[in-house]
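Q: Could we go through this model together, starting with individual residues and then turning to the pockets and the helix packing?

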Amino acid sequence: METNKETKYNKLIVVLSVAIPAVVALLLVVNLRKLGYDVQPLSFLPPIYATINGLTAVVLVAAVIAIKNGNRKLHENLMKTAIACSIAFLGMYVAYHMTSDSTKFGGEGAIKYVYYFILITHILLSIIIIPLVLTTYVKAWSQQFDKHKKIAKITFPIWLYVAVTGVVVYLMISPYYAN
């Protein structure tokens, strides 16, 4: 039976899992420059947040290695780092899109379909990963390690895919960024 504390955290996970994608979607259509604000485009951010996505992938793999080697404290610190990286990525991603025009992918032929497949799966899984990460974290934090381990087996590959495909999407679209 769930405790009141766990019920509270589950409600928070649901709220955040709905609110984060909704706010991001809303902010992505808000362009401060088009609204008349005198802000410079933050065009320097995409390579930074792509690098952070890559770092997230490396940290996730290191965290799995740490826990498989029995180093729970290192695993915990690495997972907190991965969450911090994901939050930093999200903030920079939204800031870039609020100050810059969207970049269209310019590839032709089969590569265009590959790009859009990767992009669409990346976006959909980035929405799905939010409640998974939060639930996995809460299970560990509340020392429900059997439940944590079970859900982490689902969370890890999806989060890793999202982090890696974030880099791939950046590399594929970067030649088309406006200078």
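Q: Is His75 buried or exposed?
A: His75 counts as buried, because its relative accessibility is 13%; buried means under 20% relative accessible area, exposed over 50% and partly exposed in between, with a 1.4 Å probe and protein chains only. This is a predicted model, in which local features need pLDDT of at least 70 and side-chain atom pairs count only at pLDDT 80 or more, while totals for chains, interfaces and linings use all residues. Residues are numbered from 1 along each chain as its sequence is written, and side-chain values use heavy atoms, with hydrogens and water left out.

Q: Which helix does His75 lie in?
A: His75 lies in helix H3. Helices (H or I, at least four residues) and strands (E, at least two) are DSSP runs, numbered from the N terminus.

Q: What is His75 in contact with, leaving aside its neighbours within four places in sequence?
A: His75 is in contact with Ala63, Val64, Ala66, Ile67 and His148, where contact means heavy atoms within 4.5 Å.

Q: And where is Leu134 relative to His75?
A: The C-alpha atoms of the two residues are separated by 16 Å, and His75 and Leu134 are 59 residues apart along the chain.

Q: On to pockets: what volume does the second largest pocket have?
A: Its volume is about 780 Å³. A pocket is defined on a 1 Å grid over the protein atoms alone, as an open set of points where a 1.4 Å probe fits, with protein on both sides within 12 Å along at least five of seven lines; lining residues have an atom within 4 Å of a point. Grid points are joined across faces, edges and corners, and a volume is the space filled by probe spheres set on the points.

Q: Which residues are closest to the centre of the second largest pocket?
A: Of its 24 lining residues, those closest to the centre are Ile67, His75, His148, Lys149 and Ala152.

Q: Which helix gives the most to that lining?
A: H5 gives the most, with nine residues. By class, this lining has 13 nonpolar, four polar and seven charged residues. Ala, Val, Leu, Ile, Met, Phe, Trp, Tyr, Cys and Pro count as nonpolar, Asp, Glu, Lys and Arg as charged, and the others, Gly among them, as polar.

Q: And the largest pocket?
A: The largest pocket has a volume of about 1,200 Å³. It is lined by 42 residues, and Phe89, Leu90, Tyr93, His122 and Ser126 are the closest to its centre. H4 provides the largest share of this lining, eleven residues. The lining divides into 32 nonpolar, nine polar and one charged.

Q: How do H1 and H3 pack?
A: Helix H1 (residues 4–28) and helix H3 (residues 72–99) pack at about 25 degrees, with axes 8 Å apart. Axes are lines fitted to C-alpha atoms, for helices over the stretch in contact, and angles run from 0 to 180 degrees between N-to-C directions. H1 and H3 are therefore roughly parallel, a term for angles under 35 degrees.

Q: Which residues make the contact?
A: Ile20, Val24, Leu27 and Leu28 of H1 meet Leu90, Tyr93, Val94, His97 and Met98 of H3. These residues divide into eight nonpolar, one polar and no charged.

Q: What about His97: buried or exposed?
A: His97 counts as buried, at 15% relative accessibility. Leaving aside neighbours within four places in sequence, His97 is in contact with Leu28, Val30, Asn31, Tyr49 and Ser102.

Note on methods
Angles under 35 degrees count as roughly parallel, over 145 as roughly antiparallel, 65 to 115 as roughly perpendicular and the rest as oblique.
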